[in-house]
Amino acid sequence: MTSETKAITVRYFAMFREHAGVSEETISIAAETAADVFEATRDKHGSAEPLAHCKVAINDQMADWEAVVNEGDTVLLFPPVAGG
Amino acid sequence: MIRISSEAIDPCALRDALFDDAAGAYCSFEGWIRNVNEGQSVMRLEYEVYEPLSITEGEKILAEAAAKFPHLHAHCVHRSGLLEIGDCAVWVGVSSPHRDEAFQACRYIIDAVKFRLPIWKKEFYTNGDSGWVNCERCAQHGHAPPNSG
């Protein structure tokens, strides 16, 4: 199945920001889900963190990896957290 | 109430805010910056916090604790920015009618805070290296995160 290309703003935090070299970028991507965005940016920036260890938010709401992304969304990619 | 602070945490003032005539128990947890981790000598540490979602997720955690443990008062403060050895990085305090609920609620909150808030820490070592820490190893060691539901 092919998806139409969407403009998605991706925000990176902590180690993801260091891998990407930017804190935010807008990409055109044929993505259906948040997981698609994660995998595309992982391939682009060379991060090795498994998806299962990471979290995602869409437009400042915590989301599942299977959540659908839409044109103009902001996807926040969180590497493994370590509060406390 | 949950708060992110770039200033030093004052546990005594936070404790006083939990006084309640109906509370017979108070329990708190302080997370301190230690000078060694995974065999590496740590000099200082920096917390990166995504505050908007740390606040909303933190409020959810406190609401979950309040639902599980009736008549609970709970507060949490987490630091952001550069911290030195011995600094308090996170404080959780609860008051409740009885001690068992106080211990359990405090543990529930700190465990959930560590696993669910978008907060990251970077350690700076005495040998000049630095590295991001993650809590996945906590899960590997059997300290499973609490359910988010």
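Predicted model: local features only at pLDDT ≥ 70, side-chain atom pairs only at ≥ 80, totals over all residues.
How many bridges join strand E5 of chain B to strand E7 of chain B, and do these strands run parallel or antiparallel?

View 1. Strand E5 (residues 73-79) and strand E7 (residues 88-96) of chain B run antiparallel and are joined by six bridges. Within this pairing, B:Ala74 of chain B stands opposite B:Val94 in E7(B).

View 2. Four strands of chain B, in the order E1-E5-E7-E2, make up an open sheet with mixed pairing. Its edges are formed by strand E1 (2-5) and strand E2 (25-32) of chain B, each of which pairs on one side only. On average, and with direction ignored, neighbouring strands of the sheet are turned by 10 degrees against each other. Helix H2 (residues 51-68) of chain B packs on this sheet, where it touches E1 and E5 of chain B, and its direction makes about 145 degrees with that of E1(B). Helix H3(B), for its part, lies across E2, E5 and E7 of chain B and runs at about 145 degrees to E7(B).

**View 3. The largest nonpolar core and the surroundings of B:Cys76.** The largest nonpolar core has 52 residues, and those with the most contacts inside it are A:Val75 and A:Leu77 together with B:Ala65, B:Cys76, B:Ala105 and B:Ile109. Helix H3 (residues 99-116) of chain B supplies the largest share of this core, namely nine residues. When neighbours within four places in sequence are left aside, B:Cys76 is in contact with B:Ile2, B:Gly58, B:Leu62, B:Trp91, B:Val92, B:Ile109 and B:Val113.

**View 4. The contact between chain A and chain B.** Here 14 residues of chain A are in contact with 23 residues of chain B. The side of chain A that touches chain B comprises ten nonpolar residues, three polar residues and one charged residue.

**View 5. Helix H2 of chain A and what covers it.** Helix H2 (residues 34-45) of chain A has twelve residues and reaches 16 Å from its first C-alpha to its last, which is close to the 16 Å expected at 1.5 Å a residue. Its buried residues are A:Ala34, A:Asp36, A:Val37, A:Phe38 and A:Thr41. The elements covering these buried residues include strand E1 (6-12), strand E2 (24-29), strand E3 (55-58), strand E4 (61-63) and strand E5 (74-78) of chain A. Just after H2(A), A:Gly46 takes a positive phi of about 80 degrees.

Note on methods: Residues numbered from 1 in each chain as written. Chains lettered and ligands numbered in written order. Contact = placed C-beta atoms within 7 Å. Nonpolar A, V, L, I, M, F, W, Y, C, P; charged D, E, K, R; others polar. Core = buried A, V, L, I, M, F, W, Y, C linked by C-beta atoms within 7 Å. Buried ≥ 20, exposed ≤ 12 C-beta atoms within 10 Å, placed from the backbone. Helix = DSSP H or I, 4+ residues; strand = E, 2+ residues; numbered from the N terminus. Pairing = 2+ DSSP bridges. Axes fitted to C-alpha atoms, helices over the stretch in contact; angles between N-to-C directions. Expected span 1.5 Å × (residues − 1).
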